[in-house]
2 protein chains.
Amino acid sequence: MIYFVGAGPGDPELLTRKAWRLLGQAQIVLYDALTDINPLRDQFTQVRWISVGKRGGQVSVDQRLIGRILVNTAARYSCVVRLKGGDPSIFGRLAEEMDVCRSHGIAFEVVPGVTAASAASADLQTSLTLRGVSRNVLFVTPAVGAGQQADDGWLNASLVAETVVFYMAGARVKEIASKLIAAGKSAEMPVCLIENASQSGVREKFHLNDLVKMNLPRFAGPVILMMGAAFSSALENELTAKKVLAL
Amino acid sequence: MIYFVGAGPGDPELLTRKAWRLLGQAQIVLYDALTDINPLRDQFTQVRWISVGKRGGQVSVDQRLIGRILVNTAARYSCVVRLKGGDPSIFGRLAEEMDVCRSHGIAFEVVPGVTAASAASADLQTSLTLRGVSRNVLFVTPAVGAGQQADDGWLNASLVAETVVFYMAGARVKEIASKLIAAGKSAEMPVCLIENASQSGVREKFHLNDLVKMNLPRFAGPVILMMGAAFSSALENELTAKKVLAL
């Protein structure tokens with residue numbers, strides 16, 4: 001049995017109780033590049049921890065190789081946890097790994113997790129939707145697979161949705177802002193940059209054209225960019241979240 | 001101190017560890033109409049449980065009244081949990097309640113939760129995003145506030161996004177399907193209907209035009225409708241999730 005388990009945004013307290021129980025039962029955990037695996041390693045010492053980590057811009061394990069690891073591991077262990085950052089269904093490449101299980105007759109279950117957008121919004125004490133202002137929220141990524149050409153496939157839906165959250169946006173923040181403005185998005189649209197949602201990192205609020213003009217901070221952790229009129233009041237309110245680091 | 005806490009989609013094991021800890025510390029919990037509060041009531045007997053439940057189509061507490069309750073409760077208790085279904089930032093009317101806290105100088109923290117779309121996708125063993133097929137996912141609701149006229153504000157973004165999840169869709173499934181097809185969405189687009197995500201309820205997969213033609217089941221719990229090419233393989237794969245009830 002393989003459990004595809006969402007690890008949440010980073011804070012170990014934001015794992016679900018089910019994720020925690022399964023980590024206690026697992027013999028082996030195959031984990032992605034999470035922000036900090038050490039608290040989990042320290043807690044679950046019975047587990048064999050194997051990194052199959054992918055992370056943008058760094059050396060990563062090929063997806064086919066992950067498939068072979070899943071098959072081999074399922075043959076040797078009765079309780080395997082495949083731990084994925086955030087929620088497995090959102091930019092987690094879950095479908096490819098479930099297909100491997102199906103084609104090899106491996107039973108599996110998916111355990112959802114807290115996605116980074118929810119955590120980022122909580123950190124900033126904002127809401128992704130706002131009655132009368134935003135009745136929809138889009139999660140989108142400009143990231144493409146290894147060997148694929150970067151494209152503007154993220155642009156169209158981003159122009160129409162009322163709230164937009166760009167995942168894995170760190171390397172392309174300025175390009176995203178420029179292209180949105182060129183395509184007609186208001187230069188005054190509120191945006192928020194969040195690094196390491198639910199943990200320590202950059203939390204900054206701007207208008208869209210600020211992203212084009214200013215020097216951006218260097219990011220060490222995963223970055224999401226949020227945009228929409230729902231964040232207007234966030235720009236006015238003083239940040240009261242505890243874990244904010246000034247730039 | 002008021003904690004705005006996401007209760008997740010329904011299964012008590014899908015609360016985060018942090019939500020669980022705070023429920024253990026709380027003196028009073030103000031909760032929305034959740035699918036089943038009883039397991040939590042039984043667990044946390046030290047807590048005063050107060051329903052301020054809103055739920056589509058049923059008698060509900062006015063949002064201004066909820067604000068007054070928040071203020072009065074914060075004055076009397078040092079640890080208040082405001083428990084919201086799913087994730088507080090997604091269709092949770094969180095902003096209004098945070099504004100009440102700000103204007104009354106009440107300290108608060110937001111604790112994110114697992115949103116229903118993640119749970120529904122896990123139940124169906126699908127993924128909301130799929131490399132090469134869907135690089136974005138939109139959460140949208142056709143629901144409007146009490147006293148407001150229902151409108152088609154949900155339509156435009158729903159036509160452009162690659163995966164769409166309609167929250168609080170139960171009463172308007174046929175209308176949504178008809179209007180999407182009339183506006184040019186393929187009648188063959190895969191759709192999934194999920195009632196009580198993460199718990200027992202309807203789980204059905206169709207094509208969009210089936211929703212227009214067929215008799216729909218009666219729903220007792222909250223319903224989400226998911227649409228997109230990312231669910232094509234879900235339509236082909238046999239359901240292996242444990243908790244499926246046949247119609």
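**Entry 1: after helix α4 of chain B**

I began just after α4(B), where Gly105(B) takes a positive phi of about 65°. I note here that the model I am reading is a predicted one. I then turned to the helix itself and listed its buried residues: Leu94(B), Ala95(B), Glu97(B), Met98(B), Val100(B) and Cys101(B). I looked up what these buried residues pack against, and found β1 (2–6), α3, β4 (80–84) and β5 (108–111) of chain B.

**Entry 2: α3 against α4 in chain B**

I next took up the pairing of α4(B) with α3(B). Helix α3 spans residues 63–76 of chain B and helix α4 spans residues 94–103; the two pack at an angle of about 40°, with their axes 10 Å apart.

Which residues meet here, from α3(B) and from α4(B)? On the α3(B) side I found Gln63(B), Ile66(B), Gly67(B), Leu70(B) and Val71(B). On the α4(B) side they meet Glu96(B), Glu97(B) and Val100(B). Sorted by class, this contact of α3(B) with α4(B) holds four nonpolar, two polar and two charged residues. Glu97(B) and Val100(B) were already in my list of buried residues of α4(B).

**Entry 3: helix α4 in chain A**

I looked up helix α4 of chain A, residues 94–103. Its buried residues include Leu94(A), Ala95(A), Glu97(A), Met98(A), Val100(A) and Cys101(A). I found the buried residues of α4(A) packing against β1 (2–6), α3 (63–76), β4 (80–84) and β5 (108–111) of chain A. After α4(A) comes Gly105(A), and its phi is positive, near 65°.

**Entry 4: how the two chains are related**

I then asked what rotation superposes chain A on chain B. The rotation is 180°, with 0.0 Å of shift along its axis, and the RMSD is 0.0 Å. The two copies are thus related as by a two-fold rotation axis. I also checked the interface: 100% of the interface residues of chain A are also interface residues in chain B, so the copies meet through the same surface.

**Entry 5: Ser198 in both chains**

I went on to a residue other than glycine with positive phi, Ser198(A), whose phi is near 80°. I located Ser198(A) in the loop between β8 (190–195) and β9 (201–207) of chain A. Is Ser198(A) buried or exposed? I recorded a relative accessible area of 3% for Ser198(A), which is buried.

In chain B, Ser198(B) has a positive phi of about 80°, although it is not a glycine. Ser198(B) lies in the loop between β8 (190–195) and β9 (201–207) of chain B.

**Entry 6: Gly228 of chain A**

My last stop was Gly228(A), which I found in strand β10 (residues 223–228) of chain A. Gly228(A) counts as buried, at 0% relative accessibility. Which residues does Gly228(A) touch, not counting residues up to four places away in sequence? I noted Glu162(A), Met189(A) and Pro190(A). I also looked up Ser134(A): it is 94 residues from Gly228(A) in sequence, and the two are 7.9 Å apart in space, C-alpha to C-alpha.

Notes:
Residues numbered from 1 in each chain as written. Chains lettered and ligands numbered in written order. Predicted model: local features only at pLDDT ≥ 70, side-chain atom pairs only at ≥ 80, totals over all residues. Heavy atoms only, no water. Axes fitted to C-alpha atoms, helices over the stretch in contact; angles between N-to-C directions. Helix = DSSP H or I, 4+ residues; strand = E, 2+ residues; numbered from the N terminus. Contact = heavy atoms within 4.5 Å. Nonpolar A, V, L, I, M, F, W, Y, C, P; charged D, E, K, R; others polar. Least-squares fit on C-alpha atoms with pLDDT ≥ 70 in both. Buried < 20%, exposed > 50% of the residue type's maximum accessible area, 1.4 Å probe, protein only.
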